[in-house]
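This report describes one protein chain, going from the overall fold to single residues. The sequence and the coordinates come first.

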Amino acid sequence: MSVLHPVLAEVTERLRERSRESRAQYLRRIEAAQGNGPHRERLSCGNLAHGFAACGVTDKERLREGHTPNLAIVNAYNDMLSAHQPYERYPELIRNVAREAGITAQMAGGVPAMCDGVTQGRPGMELSLFSRDLIAMATAVSLSHDMFDGAMYLGICDKIVPGLLIGALSFGHLPGIFVPSGPMPSGISNEQKSKVRQAYAEGKATKAELLEAEAASYHAPGTCTFYGTANSNQMLMEIMGLHLPGSSFVAPDTPLRDALTREAVLRVAELSAPGSSYLPLGHIIDERAIINGVIGLHATGGSTNHLLHLVAIARAAGIELRWDDFDALSSVIPLLARVYPNGYADVNQFHEAGGMAFLIDQLLSQGLLHADVRTVFGTGLDGYAQVPHLDEHGALAWSPVSKESGNRGVLRGVAEPFRADGGLRMLSGNLGRAVIKVSSVPEDRLVIEAPAIVFHDQDDVRKAFERGELNRDFVAVVRFQGPQAIGMPELHKLTPTLSVLQDRGHRIALLTDGRMSGASGRVPAAIHVTPEAQDLGPIARIREGDIIRLDAVEGRLEVLVDAAEFAARTPATADLSAHQFGLGRELFGMFRRNATTADLGAGVF
């Protein structure tokens, strides 16, 4: 390990100073809730009897005595999500391990877990971002009984892990650990799948051929293997010290996976108040851990969704993270991983090349991570430069990671990064602020200056393409997609269409107050534009034919129109009623009406 990089030290100190009062208030709140010993000792006899009424004899006796930890299991299981299907058997596994250790564990509650892969381009996607805050609420309800001394959070995918963590931080006096289930085996390459998607968009592949390609990619229990938000979540939980070392990308339903889950039970029991090493989750997630999360995002080319989620997570811990902090760190954090859509490899190949242990070891060696953090493993972050395995007796053990990458096409050391920065950049100008991910954008497309074509629905882009109206240079302005409008859906249906047009040689870009997440690819996309159109932001004053300049080199986003004339324009409006009613969406009106802006996390907390 080296001395902390000066930019990292400076950004952390600014964050700490900015958050001084809000963080102090948060810590006072969780410290007031801590107490000594098992929490259920505070319950009345009637409360406690309700809490253990359905337990078996052994568990009931331990809960009556009140001297041993009782662990909450908060589970996002359903068997429609491939990533979450393995969680079906986890509660029983966890309860059995707890009994063997002389403690107890109870299913505290389930949280909803929708699949963005299923809802892409469908009305359900408009509920997706706000499901994060609903999951946070459901997590808090699950922990609200004062029966628990620690918690195990079972979740993987897009909004689910951020929601679980925001909810967990509201009960930050409880120790907690996040328990992954691992990625599915590699199917056909993501590159092959993308080619079929583009061929289908051009009418050169049939629907049957497209379905065959998709089914060969998404084909088994486990997380999707591309590096989108779900796998970025796993990276974050590990680099922020909430996973056991090396556990993020171990395959489901394997002996090593089960051994890591068993160890997670024992670790959180040790961290509980009745255990030997009390450590609340709210103390693990501090300014240093949050900064480490931002660094991990840059170093791996992770999901742009975390410019929303990490901000919201930090706020839940009393920390005022800003997009400026991401921007300040981006110039000094090298890109060490190339995982699809930023490269050919998937997360299994990343893991086999050295994975998180190699990444963390390399960053620590140059002072590019905070090493002196608290973690569920009981060490600083140096303990995460290790690889888990089963020894000759079948026992779980860790060994130091190799100093050499197992595949330099996927994972590299700091001496030879794929690029000097992580590829996430902030844009600003007379259209507001936005985010762009450039790690897979060709160098000659980092600056686009072209006339605007304005859309209020992503389906209208596809229809214009099918009518042959988009065979030219342009910037697709897709507005009224923000959190206050229709819930800020991901706009992945645009990717094949825009990729086809770029491959034809046209200079194109996307400008939207919606999202593209971790699967945004080679087309330059200024996303998360704030203020959004529904909030009368400048994006609402763009007119067809206005020249838009997206400059990812200088970090500028501008409409090249006379300033006085642009300011005098009446902002456009859109009829959003079809998006706000039906299929459960009216139930999310509270979130839409109270949503913060994208740069504040696009949530209600």
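The model is a predicted one. With that numbering, Leu 470 falls in the loop between α19 (458-466) and β10.

**Leu 470**

Is Leu 470 buried or exposed? Leu 470 counts as buried because its relative accessibility is 2%, and the cut-off for buried is under 20%. Leaving aside residues up to four places away in sequence, Leu 470 touches Ile 453, Phe 455, Val 461, Ala 464, Phe 465, Leu 501 and His 506. Glu 558 is 88 residues from Leu 470 in sequence, and the C-alpha atoms of the two are 22 Å apart.

**The chain as a whole**

The protein chain contains 23 helices and 14 strands. Its C-alpha trace spans about 75 × 55 × 50 Å along the principal axes. For 605 residues, a compact globule would have a radius of gyration near 25 Å, and the 24 Å of the protein chain agrees with this. Of the 605 residues, 61% count as buried. Among contacts with a separation of 6 or more, 77% are between residues 24 or more positions apart.

The protein chain exposes about 21,700 Å², and 52% of that area comes from carbon and sulfur atoms. Its charged side chains comprise 57 positive and 69 negative ones, with the centres of the two sets 2 Å apart.

**Nonpolar cores**

The largest nonpolar core has 152 residues, of which Met 152, Ile 285 and Phe 326 touch the most other members. The element that gives the most to this core is helix α15 (residues 306-316), with eight residues. What does Ile 285 touch, not counting residues up to four places away in sequence? The contacts of Ile 285 are Arg 23, Leu 169, Met 240, Leu 242, Ile 290, Ala 317 and Ile 319.

**Backbone geometry**

| Residues joined | Omega |
|---|---|
| Tyr 340 and Pro 341 | about 15 degrees |
| Thr 530 and Pro 531 | about 0 degrees |

Pro 341 is in the loop between α16 (323-330) and α17 (347-352). Pro 531 is in the loop between β12 (525-530) and β13 (547-551).

Positive phi angles are the next topic. Asp 253 is not a glycine, yet its phi is positive, at about 55 degrees. Asp 253 belongs to the loop between α11 (229-239) and α12 (255-271). The relative accessible area of Asp 253 is 42%, so Asp 253 is partly exposed.

Phe 480, also a residue other than glycine, has a positive phi near 60 degrees. Where is Phe 480 found? Phe 480 lies in the loop between β10 (474-478) and α20 (494-503). With a relative accessible area of 2%, Phe 480 is buried, whereas Asp 253 is partly exposed.

Note on methods
Residues numbered from 1 in each chain as written. Predicted model: local features only at pLDDT ≥ 70, side-chain atom pairs only at ≥ 80, totals over all residues. Heavy atoms only, no water. Core = buried A, V, L, I, M, F, W, Y, C linked by side-chain atoms within 4.5 Å. Buried < 20%, exposed > 50% of the residue type's maximum accessible area, 1.4 Å probe, protein only. Helix = DSSP H or I, 4+ residues; strand = E, 2+ residues; numbered from the N terminus. Contact = heavy atoms within 4.5 Å. Rg over C-alpha atoms; globule rule 2.2 N^0.38 Å. Areas by Shrake-Rupley, 256 points an atom, 1.4 Å probe, with all protein chains shown as cover. Lys, Arg positive; Asp, Glu negative; His and termini not counted. Charge placed at Lys NZ, Arg CZ, Asp CG, Glu CD.
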